[in-house]
Amino acid sequence: MLKLTGREKSSLFFEGLLTIILLGLINIALITIIQTMIQSNPGVQSGIFIIKQSLVIGPFRAQIWSYQRIVMALLVLIDIGVLWWRLLRRYHLYQLDHIIGELHYIAQGHLDHRIPFRVNGNQQHVITSVNALVDTITQAMQEERASEKSKDELITNVSHDLRTPLTSIIGYLGLIEDHQYQSEEDIVKYSHIAYDKAKQMKNLVEDLFEYTKVQQHGAPVNLMTVDLGQLLEQVGASFELEADKKGMAINVTCEPSPLSITADPEKLGRLFSNLVANALKYGHGASYIHLTAKQLGEKVVITVADDGEKIPAEAVKHLFERFYRVESSRNKATGGTGLGLAIVQSIVELHHGSVTARSDDQETAFVVTLPVKQVQKEVR
């Protein structure tokens, strides 16, 4: 509750005292006027006497002998009501002054401050609304700062990842341009290195474009009924040749079959393609990649697992961060851009789902949970 200051308490006391004095003077004046009117009018005196004689109260048939006491009692009750109303009104004004003072303090930039006291009545709704509004503004500002920081980090990382292969391309093409080669084999070698670096840049630009597209507010999601088992089969078939070269088998299991869900098939295809590509690139020593889908009530759980090299526990926490790579040296030998799993998470969030990762000595698995049904208007 709001605690008044000593000055406000004194002011409230003197206002109450002044009100009592004024009401007392008004009461004396009223009683004097009434008595004068009655005494100057014998007919009124007779009427009052007759009423007192005929009026009885209660089971004991008590009679009223003095009307002055009734008048005084009524005036006292009225005085108490007026006094209470005046003091309560003044107290509410003090509350309002405190609220306005708190608002001015917050408006000066103290957004970490909240109105700390509670009051009775509608003013408490104002306090609650103000505190909630400040919380919302603070959260929005924090999100904006985080967004700006995220953009800065994105530009920094992209600049770094583009500059490295671009420097190599310019360097090797410069050697050819300046005729700093010994044989035609050197030209082919330099051209091949520049070509590989250019492909790395192309992969980064494509992944960056896809990531920014799914991160945009209001990114379009083309919802339709999708046979999840068939989609996973298509994804597995598209990587079958590459898996054979690495001695890995891709298996797809779906329960029940067919398993229909509402989703964007293009984005869902990109999601699982990224997960399978990730297993092929980083699942060193793996012999299989299992894609399993199972319906659990109103949700479907899809797991992409391989028996390759274990991912360190500390790295698992950061796998879905942009540009994060398990290799501390940011080595591009595997062709990764560090955006694949960030794209996966963004697509999953567009479908109101979740994705987690786990890794141990036996298996590394990415688990995607999606709702079976979605409503178009809910997708943002």
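## Surface and overall make-up

Accessible areas here come from the Shrake-Rupley method with a 1.4 Å probe. By that method, the accessible surface of the chain comes to about 23700 Å². Carbon and sulfur atoms hold 59% of this surface. The model is predicted.

The chain has 380 residues, and 33% of them count as buried. Its secondary structure consists of 10 helices and nine strands. Take the contacts between residues at least 6 apart in sequence: 67% of them join residues at least 24 apart.

## The five-stranded sheet

Five strands build an open sheet. Their order is β4-β6-β7-β9-β8, and the pairing is mixed. Strands β4 (249-255) and β8 (354-359) stand at the edges. Each has a single partner strand, so one side of each has no neighbour in the sheet. On average, neighbouring strands of this sheet are turned by 15° against each other, direction ignored.

Strand β4 runs parallel to β6 (residues 288-296), and seven bridges join the two.

Strands β8 and β9 pair in the antiparallel sense, over six bridges. They form a hairpin, with four residues between them. Within this pair, Val355 stands opposite Val368 in β9.

## Helices on the sheet

Helix α6 (residues 228-238) packs on the sheet. It touches β4, β6 and β7 (299-306). The direction of α6 makes about 175° with that of β4.

Helix α8 (residues 265-282) lies across β4, β6, β7 and β9. It runs at about 170° to β9.

## Nonpolar cores

The largest nonpolar core has 54 residues. Leu228 and Phe272 touch the most other members. Helix α8 gives the largest share of this core, eight residues.

What is Phe272 in contact with, leaving aside its neighbours within four places in sequence? The list is Leu228, Leu231, Leu232, Val235, Ile302, Val304 and Val368. There is also a second, separate core of 13 residues, which includes Leu2, Ile99, Ile115 and Val130.

## A closer look at Thr364

Thr364 is found in strand β9 (residues 364-371). Is Thr364 buried or exposed? Its relative accessibility is 3%. Buried means under 20%, so Thr364 counts as buried.

The side chain of Thr364 makes a polar contact with the side chain of Ser359, at 2.7 Å. Setting aside neighbours within four places in sequence, Thr364 is in contact with Val304, Ala305, Asp306, Glu309, Lys310, Ile311, Arg358 and Ser359.

## Gly171 in helix α4

Gly171 lies in helix α4 (residues 123-177). It counts as partly exposed, at 37% relative accessibility. Gly171 and Ala194 are 23 residues apart along the chain. Their C-alpha atoms are separated by 8.6 Å.

## Two cis bonds in one loop

The loop between β4 and β5 (260-263) contains Pro256. Pro258 is found in the loop between β4 and β5 as well. Both prolines take part in cis peptide bonds.

Glu255 and Pro256 are joined by a cis peptide bond, with omega about -5°. The peptide bond from Ser257 to Pro258 is cis too, and its omega is near 0°.

## Two histidines with positive phi

His179 is not a glycine, yet it has a positive phi of about 60°. It sits in the loop between α4 and α5 (184-215). With a relative accessible area of 59%, His179 is exposed.

His352 also has a positive phi of about 60°, although it is not a glycine. Where is His352 found? His352 is in the loop between α10 (340-350) and β8. It is partly exposed, with a relative accessible area of 39%.

Definitions and conventions:
Residues numbered from 1 in each chain as written. Predicted model: local features only at pLDDT ≥ 70, side-chain atom pairs only at ≥ 80, totals over all residues. Heavy atoms only, no water. Buried < 20%, exposed > 50% of the residue type's maximum accessible area, 1.4 Å probe, protein only. Polar contact = N/O pair within 3.5 Å; in protein donor to acceptor, adjacent residues only side chain to side chain. Contact = heavy atoms within 4.5 Å. Pairing = 2+ DSSP bridges. Axes fitted to C-alpha atoms, helices over the stretch in contact; angles between N-to-C directions. Core = buried A, V, L, I, M, F, W, Y, C linked by side-chain atoms within 4.5 Å.
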